[in-house]
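Reader: I am new to this structure. Please pick one part of the fold, look at it closely, and then show me what lies around it.

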Amino acid sequence: MATVRYDRATRTYPGTTRPAVDRLDLEVGDGEFLVLVGPSGSGKSTALRMLAGLEEVDQGAIFIGARNVTKLPPKDRDIAMVFQNYALYPHMTVFDNMAFALRLRKTPKQAIHTQVGNTAAMLQLEQFLARKPKALSGGQRQRVAMGRAIVREPQVFLMDEPLSNLDAKLRVQTRSQIAALQATLGTTTVYVTHDQVEAMTMGHRVAVLDNGVLQQVGTPRELYDRPVNVFVAGFIGSPSMNIKTVPLTEAGGVFAEMILPLTREQVEAARGDGNSHVQVGFRPENTDLVGPEEGGMPIHVDLVEELGSDAYVYGTVALEGQDERFVVRVESRNAPKFGDIVYVKPRVGAHHAFHAISGERL
């Protein structure tokens, strides 16, 4: 096991001017499960491939433990990678796929049988060792790919969207298995996904990237409760936070007939560049349905998603002459119907404020 450190690591692809990964400073602790998350094109897979040695580092450096691995070939980095497409050898059995790297190392035959057997038992693959990949389901193939990485006993596991080819039910099941397995092995793991639900449920810490730039790194709870900017606030959470640019007064942000209060310091910071607006957000679950006399915001309901115990209510509000869309979560038995007008009030202290221009948290 080892730490991983990106030291202002930059990668710019030939023929482009904007770096795919721009001066990334990030440290992964010994035994930590860190998730790199972001939309397509955010640089998360490039950052992982730089660590694996599959992409060049144009500036800066990457360390595994105390070693500078920036110029080392992949085989000398003591890492094991699990890919999205499994990358199994179709002509080999499960046993041979898992044993392949050990045979290249000239590991003794008995040691190979022991290591593969132990790993297969851990992954519940014993009954499949004689089969070839085409005889396995997608979830079983992904477990074989995991097993092939585990038997190598690397310092670092690298996983590039390993669940994206699985169906929804199997993804939920497999992500819990991967998280439990990593906790058992204690191996430092860097995991890439575009799915923020995966990121929030699996990672000890989550690093959010956008356009090659690290936006925020922290525990899932830190990212959810105190996003540092509008991008993180909108990306983390499902459904995403309601974030709108609204007029700014001494009291706070004005939503139709409702005012979300801001502190004097927040108001002053929001006005720092002569702005008359502020971005204010609140999460769907941090709201209550109230009566029209209680100062809520009137929402015209155009969709209700029933989810059993809860329901998501989608609707529009006219803000400064524009119809703006909102989503709120309510108890299913209290859910309104299509065409209703409901009055929504965010809970006190549960909203977030951001600068109207920079998007930074106030």
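Author: Two strands pair if DSSP finds at least two bridges between them. Helices (H or I, at least four residues) and strands (E, at least two) are DSSP runs, numbered from the N terminus. This is a predicted model, in which local features need pLDDT of at least 70, side-chain atom pairs count only at pLDDT 80 or more, and totals for chains, interfaces and linings use all residues. Residues are numbered from 1 along each chain as its sequence is written, and side-chain values use heavy atoms, with hydrogens and water left out.

The part to look at is a sheet. It is open and has four strands, in the order S2-S1-S4-S5, with antiparallel pairing. Its edges are strand S2 (21-28) and strand S5 (67-68), each of which pairs on one side only.

Begin with strand S1, residues 4-11. Five bridges tie S1 to S2, and the two run antiparallel. Two residue pairs show how they line up. Val 4 has Val 28 as its bridge partner in S2. Arg 11 stands opposite Val 21 in S2.

S1 also pairs with strand S4, residues 59-64. This pairing is antiparallel too, and it runs over five bridges. Thr 10 faces Gln 59 in S4.

S4 pairs with S5 in the antiparallel sense, over two bridges. S4 and S5 form a hairpin with two residues between them. One turn residue, Gly 65, has a positive phi of about 65 degrees.

Next, the setting of this sheet. The protein has nine helices and 20 strands. Its C-alpha atoms fill a box of roughly 80 × 50 × 35 Å along the principal axes. Of its 362 residues, 50% count as buried (under 20% relative accessible area; exposed is over 50%, partly exposed in between; 1.4 Å probe, protein chains only). Contact means heavy atoms within 4.5 Å. Among contacts between residues at least 6 apart in sequence, 65% join residues at least 24 apart.

The 18 residues of H5 should span 26 Å at 1.5 Å a residue, and its end C-alpha atoms are 26 Å apart, which agrees. The expected span is 1.5 Å times one less than the number of residues.

Which residues of H5 are buried? They are Arg 171, Thr 174, Arg 175, Ile 178, Leu 181 and Gln 182. Seen down the axis of H5, these fall within an arc of 130 degrees, so they line one face of the helix. The arc is that of the directions from the helix axis to the C-beta atoms. On the other side of H5, Lys 169, Ala 183 and Thr 184 are exposed. The buried residues pack against several elements: strand S3 (33-37), H3, helix H4 (138-150), S7, strand S8 (188-193) and helix H6 (196-202). Just after H5, Gly 186 takes a positive phi of about 70 degrees.

Most residues other than glycine have a negative phi, and most peptide bonds are trans. Glu 161 is not a glycine, yet its phi is positive, near 45 degrees. It is buried, with a relative accessible area of 13%. Lys 106 also has a positive phi, about 60 degrees, although it is not a glycine. Lys 106 lies in the loop between helix H2 (94-104) and helix H3 (109-122). It is exposed, with a relative accessible area of 72%. Finally, the peptide bond from Ser 238 to Pro 239 is cis, with omega near -5 degrees. Pro 239 is in the loop between helix H8 (230-235) and strand S11 (242-247).
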